[in-house]
Amino acid sequence: MNFIEELRWRGMLQDMIPGLENQLAKEMTVAYIGFDPTAPSLHIGNLAAIMLLKHFQLCGHKPIALVGGATGMIGDPSGKAAEREFLSEDTLRANQVGIQKQLEKFLEFHAGANSAEVVNNYDWFKEFSFLGFLREAGKFLTVNYMMSKDSVKKRLETGISFTEFSYQLLQGYDFYHLYKTKNVRLQMGGSDQWGNITTGTEIIRRKEGHDEDATERAAFALTTPLVTKADGTKFGKSESGNVWLDAEKTSPYAFYQFWLNAADADVPRLIRVFTLYTKEQIEELEKQHAEAPHLRILQKAVAEEVTTRVHGAEVCALVIEASSLLFSKDAVELIAGASDALLAQLPIHEVSATLLAECKNLTDLISVGTDNLIFPSKGEARKAIQNNAISVNKVKVTDPNAALDFEKIRGQYLLVGNGKQKNYILSFK
RNA sequence: GGGGAUAUACCAGAGCGGCCAAAUGGGGCAGACUGUAAAUCUGCUGGUGAAUGCCUACGGUGGUUCGAAUCCAUCUGUCCCCA
């Protein structure tokens, strides 16, 4: 199956410049996607783009991931209602390092001719002088053209700085630079990137494309739809915010749980976009899911594959075990018999002796005693207990003033549940 | 530069000088039902407390008043109109 067909049935194709299919059929093609270092880690919002590169490579083409060390210093106005604050250069540098490391996990870097590459646009922008850039890139586009972009138009009312206005020029120049130096013919991205990407193809066309074989050397754009949820809320956020790919920021357990909790209405889309299952496999899984929806076969399939890709098979196996353990009626006994490796994946929170000393009752313990992990205030903790939401060692507790004389598992742990989805293990040293 | 409007909790958005910790909607959390799903219904949604209460909060500062989210002055931000 070729790349475009693959994207089509997966629902990952939003738009592309005509002629791309011919180009891809003709030869091994090089494509890139840019990632902005606005945070020290990628999050699952970036994962769709990564999958795009992944499929591209699996179809025999060469993917390049670009880390926006330079563009990150400017700020992409796409989809942003207001001007943003700059990130400090130190932050940006640290973010670039982190993101680059993560990108390297998802693609094949030793696959011969179509090995993946990671580049950083700071490398070619750092030497650029302002005058040089104006002559080299700025001359090829009119302000009229740049103003017609959606990302700019939406900001004309409220204002956009020259800096953010120029962003598309930088990203456009990236494309040109890679076109020249690495023979990159295609830039991909989310649908919000269409404007920025076509700025790039436009620069290439104007700088390069005036002779007779111009169509032979054309540059292309391809975008993927933004992943949305059936209920209209934003995909990729959990209760505690972004779902990160970095295990330090979102634990593998929480990561797995995020996917496992996907709504039935969303999961057919998720499995197509975020996993490599074939069409036949997916249809089979969907059939099984429809027969026994309570088993959540699709959710498990997505959660397992994505967690494996991001955190590795070993960790994934452990968090699956950890998940079934925590939700089991026999959780207490199972924790008592758990291996050290498994314990390490459980959501364990150490209760500090100083905080514990201040706790008079259960309410105190699950608010201030856990450093506000479970509840940010005693009032909320008390209300939750009164609302029948809290269990200790799988037994519901409804008295906010319950004394802290629960029997600890292994003489050390207490299993606290809030609602039916959230479990915490408190550790007392 | 001149004139006008506006600033309220996570967001939107009411608010009579005392009955305002502040209507309503959304969002969020929880309960029931389920399947760690969706929909629905119910409760909660500033802090502290068992509670009458107390504390902190309606852009900032200062004032009027027994009493201010509400009136006055001033500053700041935002929006609109004119130049």
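**Salt bridges and an RNA surface**

Let's start with salt bridges: the structure holds 17. A salt bridge here is a side-chain nitrogen of Lys or Arg within 4 Å of a carboxyl oxygen of Asp or Glu. Keep in mind that this is a predicted model, where local features need pLDDT of at least 70, side-chain atom pairs count only at pLDDT 80 or more, and totals for chains, interfaces and linings use all residues. Residues are numbered from 1 along each chain as its sequence is written, chains are lettered from A and ligands numbered from 1 in the order in which they are written, and side-chain values use heavy atoms, with hydrogens and water left out.

Now some of the pairs. Lys180 bridges to Glu208, with the closest N and O atoms 3.1 Å apart. Lys180 sits in helix α10 (residues 167–182) and Glu208 in helix α11 (residues 194–208), so this pair ties together parts that are 28 residues apart in sequence. Helices (H or I, at least four residues) and strands (E, at least two) are DSSP runs, numbered from the N terminus.

Is Glu208 buried or exposed? Glu208 is buried, at 17% relative accessible area. Lys180 is partly exposed, at 48%. The cut-offs: buried is under 20% relative accessible area, exposed is over 50%, and partly exposed is in between (1.4 Å probe, protein chains only).

Next pair. Lys360 meets Asp364 in a salt bridge, with the closest N and O atoms 3.6 Å apart. Lys360 counts as exposed, at 65%. Asp364 counts as buried, at 4%. Elsewhere, salt bridges that share partners join Lys62, Glu117 and Lys182 into one network.

Over to RNA strand B. How many residues surround it? The number is 27, and the closest are Asn261, Asp264, Lys378, Lys420 and Gln421. Near means that a heavy atom of the residue lies within 4 Å. By type, they divide into six nonpolar, 12 polar and nine charged. Ala, Val, Leu, Ile, Met, Phe, Trp, Tyr, Cys and Pro count as nonpolar, Asp, Glu, Lys and Arg as charged, and the others, Gly among them, as polar.

Which parts of the RNA do they reach? Asp264 puts a polar side-chain atom 2.8 Å from a base nitrogen. Lys378 has a backbone N or O atom 2.7 Å from a phosphate oxygen. Helix α21 gives the most to this surface, with four residues.

Last, the whole chain. Chain A has 21 helices and 13 strands. Of its 429 residues, 49% are buried.

Conventions
A polar contact is a pair of N or O atoms within 3.5 Å; within protein, one must be able to donate a hydrogen and the other to accept it, and residues adjacent in sequence count only if both atoms are side-chain atoms.
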